[in-house]
Amino acid sequence: MLSIKNLQAKIEDKEILRGLSLEVKPGEVHAIMGPNGSGKSTLASVLAGREEYEVTNGTVSFQGKDLLDMPAEIRAREGLFLAFQYPVEIPGVSNMNFLKAAVGEIRKHKGLEPLTAKDFLKLVKEKSALVELDGQLANRAVNEGFSGGEKKRNEIFQMAMLEPKLAVLDETDSGLDIDALRIVANGVNALRSPDRSFVVITHYQRLLDYIVPDFVHVLYKGRIVKSGTKELALELEERGYDWIKDEVESVKA
Amino acid sequence: MAYEGDELLDDITSKEYEFGFVTDIETDKAPAGLNEDIIRLISAKKEEPEWLLTWRLEAFAIWKNMREPEWAHVTYKKPDFQAISYYAAPKKKKQLESLDELDPELRKTMDKLGISLEEQKRLHNVAVDFVMDSVSVATSFKEKLAELGIIFCSMSEAVREHSDLVRKYLGTVVPRTDNFYAALNSAVFTDGSFCYIPKGVKCPMELSTYFRINEGGTGQFERTLVIADEGSVVSYLEGCTAPQRDENQLHAAVVELIAHTDAEIKYSTVQNWYPGDKDGIGGVFNFVTKRGLCDGDRSKISWTQVETGSAITWKYPSCILKGDYSIGEFYSVAVTNNMQQADTGTKMVHIGKNTKSTIISKGISAGKSQNSYRGLVQINKGAANARNFSQCDSLLMSDRCGAHTFPYIEVKNKTSKVEHEATTSKIGEDQIFYCLQRGLDEEQAISMIVNGYAKEVLNKLPMEFAVEAQKLLAISLEGSVG
């Protein structure tokens with residue numbers, strides 16, 4: 001599904017990713033954890049194709065294709081979805097129109113006929129229920145005036161509508177209370193399937209109680225320095241990140 | 001109102017100015033230059049009554065003593081008024097019994113503009129008065145409207161058939177002395193639309209005029225007069241396109257609206273005249289005076305404009321709120337790209353008691369363009385409890401364009417209330433990236449964001465034209481982010 005090899009990236013002159021490698025197979029859920037400033041969000045941005053980041057080395061293959069060679073919108077149409085840490089507001093553009101255009105482009109890319117208005121509405125109804133999103137929200141402008149929790153639920157709703165192959169969740173848990181967290185996690189779990197993979201970026205173990213990962217990786221200084229199963233997340237919760245830092249530094253020394 | 005993504009894409013792929021074609025019809029064109037003889041020629045050609053010729057000549061005398069205004073935030077090479085031909089009419093000028101008799105070339109022009117009259121009739125229930133250069137060629141729906149006593153015809157015809165009405169109202173809202181271009185227009189106007197809605201009549205359809213400048217090197221001086229008598233209601237739309245030409249073309253129109261007691265006029269404009277090329281060569285100079293008079297109590301005048309074309313736009317559709325409880329509204333989207341310049345806004349003059357005005361202006365600047373909002377809110381002494389709300393937003397699409405706001409507020413009555421809000425923002429790279437990440441391309445993203453930004457105004461347009469206006473915004477801003 002996704003194969004990242006020795007990825008190095010910088011923004012302006014600051015090196016952030018320094019040789020990151022990761023293999024994600026279909027149906028797997030990988031959690032990426034790490035202290036602040038370790039490069040978690042950069043990884044999400046580079047995968048999604050933000051132009052401010054310059055990839056200086058390494059390869060990323062997505063479903064056998066060179067991901068780094070594709071413009072951002074083609075990555076999206078090929079099935080890569082990013083749930084943003086800070087979803088932006090687009091005043092005056094209704095969620096429905098926005099999604100209709102997005103679904104239309106993605107279907108076109110796949111060679112599918114556009115959905116009829118009726119089928120589209122049916123899909124909206126079905127998918128918005130997944131994240132307990134009020135029908136009214138679908139008619140409001142994209143994220144405008146949404147609470148933090150509503151924005152994150154809207155991200156998962158969009159993900160459900162666009163049916164990606166690979167979803168990258170960038171700190172989807174940040175700013176959520178426990179109820180919202182549960183709703184978002186339930187939405188994600190409902191979308192888990194043998195041919196859909198997830199990369200869940202989070203600072204806290206809490207989210208992983210709800211979205212149980214197959215693998216947990218620790219990102220530090222732009223590299224994955226430790227990988228394990230969900231028990232690793234629990235250990236991090238208990239011991240913090242310092243012992244990992246110490247381990248890395250002692251190896252270097 | 002949603003546009004269909006595919007349609008929009010199709011439109012966007014046609015990169016050149018879409019309406020850049022020239023219709024090949026023989027035209028009857030006056031020699032270049034302006035003097036009393038030319039004015040006499042225009043008046044004679046149009047078989048006008050003596051009073052109008054006198055009126056024109058007086059205007060010409062006024063104009064000769066006026067100077068071109070220089071206060072607007074625009075720079076351009078002043079037109080040579082002696083190099084312009086002031087009259088161009090399609091030669092085959094006989095009265096038509098039906099639209100089928102129209103010159104086939106002219107029909108083609110209309111088809112390219114997307115206003116096939118039959119289509120309009122059948123689909124939109126819109127009456128179209130098509131103005132090509134200076135002479136109104138055909139007016140549809142006239143009979144249907146006549147049954148209700150509504151007069152909707154070309155200004156030339158109105159001058160001949162309804163001389164008293166024209167004489168009573170012409171120049172009452174925009175006097176000949178008003179400004180340089182209004183005086184010039186009064187001297188040489190060739191055609192335009194005339195509309196009269198009798199007492200208590202609600203006009204059952206949108207009245208629409210398509211203006212089009214066709215002949216190279218001609219100025220177009222439209223004169224439009226809309227009168228809504230007591231308790232009547234009318235919605236009027238003008239759409240403008242001009243073919244691509246290298247020399248600048250002058251357009252100096254005057255539009256006067258009069259709303260009597262309890263009457264309501266809604267006037268909508270979609271303007272996409274040729275803006276010139278990327279380097280600012282060519283394009284239309286659009287120097288227009290538009291003003292409405294809310295003469296009677298509880299009358300209402302509402303201006304909605306979507307301005308995407310012209311090299312230079314200088315235009316302030318205004319409302320004189322004379323009647324008590326009268327209402328003035330101004331909703332505007334002005335887009336400038338490349339080297340375009342726009343200085344546009346409104347004036348709301350509160351005279352009557354309890355008068356109310358609303359101004360919503362959305363400027364969008366791209367490329368190296370300059371986009372200015374200039375507005376006056378004036379509350380006179382007697383305008384007790386007058387209310388105004390103004391909101392002026394600017395959206396910047398590049399680092400090289402300019403957005404400017406010049407609000408003037410004069411308040412002479414203590415019981416009045418005036419509110420002004422203004423924002424300036426740059427189109428967010430975050431917003432564009434968000435759209436890209438959902439599978440939209442950059443053009444779609446910009447179109448969506450800009451249309452969302454302008455939605456408050458677009459929603460005020462009659463339904464059929466809102467879709468067209470949305471597409472226009474997208475086309476005008478092609479490749480404009482940077």
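What percentage of the 482 residues of chain B count as buried? In this predicted model, in which local features need pLDDT of at least 70, side-chain atom pairs count only at pLDDT 80 or more, and totals for chains, interfaces and linings use all residues, the share of chain B that counts as buried is 56%. Residues are numbered from 1 along each chain as its sequence is written, while chains are lettered from A and ligands numbered from 1 in the order in which they are written. A residue is taken as buried if 20 or more other C-beta atoms lie within 10 Å of its own, as exposed if 12 or fewer do, and as partly exposed in between, with C-beta atoms placed from the backbone.

The secondary structure of chain B comes to 13 helices and 23 strands, where helices (H or I, at least four residues) and strands (E, at least two) are DSSP runs numbered from the N terminus. Two residues are in contact if their C-beta atoms, placed from the backbone, lie within 7 Å. Among the contacts in chain B between residues at least 6 apart in sequence, 84% join residues at least 24 apart.

Within chain B, helix α2 (residues 36–45) packs with helix α3 (residues 50–64) at an angle of about 150 degrees, their axes being 10 Å apart; axes are lines fitted to C-alpha atoms, for helices over the stretch in contact, and angles run from 0 to 180 degrees between N-to-C directions. This angle makes α2(B) roughly antiparallel to α3(B), since angles under 35 degrees count as roughly parallel, over 145 as roughly antiparallel, 65 to 115 as roughly perpendicular and the rest as oblique. On the side of α2(B), E36(B), I39(B), R40(B) and S43(B) meet L52(B), L53(B), R56(B), L57(B) and F60(B) of α3(B).

Helix α9 (residues 180–188) of chain B is largely enclosed by the rest of the structure, because eight of its nine residues are buried. Its buried residues, among them Y181(B), L184(B) and V188(B), pack against α2, α3, β8 (223–228), β11 (254–259) and β13 (284–294) of chain B.

In chain A, four strands form an open sheet in the order β2-β1-β4-β5, with antiparallel pairing; two strands pair if DSSP finds at least two bridges between them. The edge strands of this sheet are β2 (14–24) and β5 (65–66) of chain A, each of which pairs on one side only. Strand β1 (residues 2–11) of chain A pairs with β2(A) over eight bridges in the antiparallel sense, and K10(A) stands opposite E15(A) in β2(A).

Strand β3 (residues 29–33) of chain A is largely enclosed by the rest of the structure, as five of its five residues are buried. In a regular strand the side chains alternate between the two faces of the sheet. Both faces of β3(A) are covered, with V29(A), A31(A) and M33(A) buried on one side and H30(A) and I32(A) buried on the other. β3(A) pairs in the parallel sense over four bridges with strand β10 (residues 197–201) of chain A, where F198(A) is the bridge partner of V29(A). A parallel pairing over four bridges also joins β3(A) to strand β11 (residues 215–220) of chain A, where I32(A) has H217(A) as its bridge partner.

Between the chains, 23 residues of chain A are in contact with 19 residues of chain B. The largest share of the side of chain A that touches chain B, seven residues, comes from α3(A).
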